[in-house]
Amino acid sequence: MKRIGVITSGGDSSGMNAAVRAVVKTALDQGCEVYGFLRGYTGVLNGKYSIMDSRAVSGVIQRGGTILQSARCEEFKTEAGQLKAVSNLFGLGVEGMVVIGGDGSLRGANVLAGMGMPVIGIPASIDNDIFGTDISIGADTALNVIVGAVDMIKDTASSHDRAFIIEVMGRNCGYLAAMSAIACGAEVAIIPEIGFDLGKIAERLYARFKEGRTNSIIMVAEGAMSAYEVENQLKDRIGYDIRITVLGHLQRGGSPTVFDRILASRLGRSAVEALLRGESGKMVGQVKNRIVLTDLDEVLGTCKMVDLEMIELTDILGR
């Protein structure tokens, strides 16, 4: 294999650049040329790419976002678009692809693999909702951003006897809400994986208010319920004045943490090595600090849940 391609696709996450850097440097070390396609699958379809050398990834490991940029590509979801993408890749002499992204991006990777293009996926998602890895690129950085924001919000909350409802990302997975609740000392985490009773939550928070506690923090995953819906059901029931903070895309940005830089570097190197060994249709992940390969069919067909022990810990520590 003498020429491989790399894309970052879907929602950006801090650490993608570190993964691209590792892919490029590992491939160059093995005598491979690297084509970096711009804006994900859109670049593959439009033939927009750059030939990446070591200078192209110099000084990027500390940068958030992705130097290759990213985009949603509706055309690639069609059979005609997929055929065009594979034809373009073979026409350019690309012999293997590394796809860095979340669920949708890995589904695209699986399509390419099924059409004869060797592909290895790298999980990058701040939601940490991808099966086959203990943690995805970007999740640790997002957690640190959330914790920093909540720590500052608590200063205001305690100064004014307020409850803050803080909405974080997590459409199908409550990882960010649950882990940040533990790390921030929040009283409640509302996540899509488990049922919740806002009446009982209101009783718990009102009891805290009567005890003289100066504030309460409620973490809400966007996939469970919006912060505004939670406010509507809790207002005038918990004693505290309620305020809302929706962190939104703030969670995606920022310089990647040391953990994400190292994780992305390990996965980027392993993805290239897997391609060169003849592997395809698989994703590299980190499980119990070991790099493992998992078939994309299994990755995409398995729902990843927040660890039950972490959910129980969130509840115990919030009382």
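Residues are classed by relative accessible area as buried (under 20%), exposed (over 50%) or partly exposed (in between), using a 1.4 Å probe and protein chains only. The model is predicted, so local features need pLDDT of at least 70 and side-chain atom pairs count only at pLDDT 80 or more, while totals for chains, interfaces and linings use all residues. Residues are numbered from 1 along each chain as its sequence is written, and side-chain values use heavy atoms, with hydrogens and water left out.

The structure holds 13 salt bridges, a salt bridge being a side-chain nitrogen of Lys or Arg within 4 Å of a carboxyl oxygen of Asp or Glu. R243 is partly exposed, at 33% relative accessible area, and its side chain meets that of D241 in a salt bridge (2.8 Å, N to O). D241 is also partly exposed, at 36%. R162, D241 and R243 are linked in a network of salt bridges. A further salt bridge joins R55 and D53 (3.2 Å, N to O); R55 is exposed at 70% relative accessibility, whereas D53 is partly exposed at 30%.

V98 is buried, with a relative accessible area of 0%. Leaving out residues up to four places away in sequence, V98 touches G5, V6, I7, V23, I120, I122, A271 and L275, contact meaning heavy atoms within 4.5 Å.

A nonpolar core is a set of buried Ala, Val, Leu, Ile, Met, Phe, Trp, Tyr and Cys residues joined through side-chain atoms within 4.5 Å. In the largest such core, of 60 residues, I100, I122, I166, Y175, L176 and M219 touch the most other members. A second, separate core of 24 residues includes V86, L89, L112 and L300.
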